[in-house]
Amino acid sequence: MKIDFSPNDYTPIEQGLCFGFSTESEEPTDVEVAIVNADTDEVVATQLLRQVVSGKVNIAPYVERFSQREPKAFGKEGSSLSLLEVVRYKIRIGDVESESVAVSPLRYEFSAPALITKMPLRRKIFYDDCDELLFAVQDSTDVDVVIMPNIGAVKSLSYKAASGVVRLLLTPSEFGQEARRVSVLIKLNAQDWCSVEYEVLQRRGRSLCVVWESACGSMERYIFPMTYALRNEVTKQRVGDGTNLNAVAIMRSKIVRAISNYEPCDVIAALSDIIASPKVWIELNALLHRVDVVTSEESYNLLGEPNFVELDLRIESRRVAL
């Protein structure tokens, strides 16, 4: 028995995670393939292939989907570096095992080094908020991050011999309210690689930070400077014979509309992904609240270029039986 090929680490699950094997025999035989969590050595599924001399197994339906994953909320721990959560899998046929493959929440095929984001490198962030940056590095890379606020204090973070995807959590509040700008410089193996600039804002009455899981798997943030039209909606469920309908339940919803700044086309394109995101949150009182995007509109100028995005967000929904 021989393993012919394996998927690359961090291959998006949606593309399939295919292993190939051959029996090294001309006589067809039944082959039982065990799909194994390489971190725990637990067999999560088995497949039986009847009368084959070679075959291909796609393990994507059986791997971790990271469905409970949420963005980092503001905390008092301060800025930090860590590795993105991954689970490793392999296949086992008899006594033969494949190399393990790393499965992550990312849905983006990258070539390290790479910054995994769809938002620009000049950003705005609330003083009492945080931001997550994901970037992929090659094996055994020394990562150094220098965080430089405009007040002169500097914070350095490092992760030695990192491999895979690194998460940087930035919390500007640790530098005090005098910090109005923060520069983040990422170094790989002591060489300058990437920098991100932040403008630090104080919260205003109608501004709202929206967080969403992007098409590439990163957690993105954007501050909508204007929210309005908080409204209540009531939907009634009725039963009857067509002439006498009685309400049996009502659905109460609270919906708020958020409007972006006038932004360049690439930012508007990133914000437009919010409507298709599987998970969207808003930040209220330093806590994350899951919301539902009801509608999304883009406004265009006379040249056909988008100017801003409007979102209707359902922030609360409650069903009451009558």
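Student: In which sense do E16 and E17 pair, and over how many bridges?
Tutor: This is a predicted model: local features need pLDDT of at least 70, side-chain atom pairs count only at pLDDT 80 or more, and totals for chains, interfaces and linings use all residues. Residue numbers run from 1 along each chain as its sequence is written, and side-chain values use heavy atoms, without hydrogens and water. Helices (H or I, at least four residues) and strands (E, at least two) are DSSP runs numbered from the N terminus, and two strands pair if DSSP finds at least two bridges between them. E16 and E17 pair in the antiparallel sense, over six bridges.

Student: Which residue in the turn of the E16 and E17 hairpin has a positive phi?
Tutor: Five residues lie between the two strands of this hairpin. A positive phi of about 100° belongs to a turn residue, Gly217.

Student: In E20, which residue is the bridge partner of Val210?
Tutor: E16 also pairs with strand E20 (residues 280–284), in the antiparallel sense over three bridges. Cys209 has its bridge partner in E17, Ile223. For Val210, the partner in E20 is Ile282.

Student: How many of the six residues of E16 are buried?
Tutor: Buried means under 20% relative accessible area, with exposed over 50% and partly exposed in between (1.4 Å probe, protein chains only). In a regular strand the side chains alternate between the two faces of the sheet. In E16, Leu208, Val210 and Trp212 are buried on one side, and Cys209, Val211 and Glu213 on the other. The buried count for E16 (residues 208–213) is six of six.

Student: Which element gives the largest share of the lining of the largest pocket?
Tutor: On a 1 Å grid over the protein atoms alone, a pocket is an open set of points where a 1.4 Å probe fits, with protein on both sides within 12 Å along at least five of seven lines; lining residues have an atom within 4 Å of a point. The lining has 20 residues, with Arg122, Arg123, Lys124, Tyr222 and Glu263 nearest the centre. E11 (122–126), E15 and E17 (219–224) each give two or more of them. The largest share, five residues, comes from E11.

Student: What volume does the second largest pocket have?
Tutor: Among the 15 lining residues, Asp9, Tyr10, Asp139, Ser163 and Gly164 are closest to the centre. E12 and E13 each supply at least two residues of this lining. A volume is the space filled by probe spheres set on the grid points, which are joined across faces, edges and corners. For the second largest pocket that volume is about 260 Å³.
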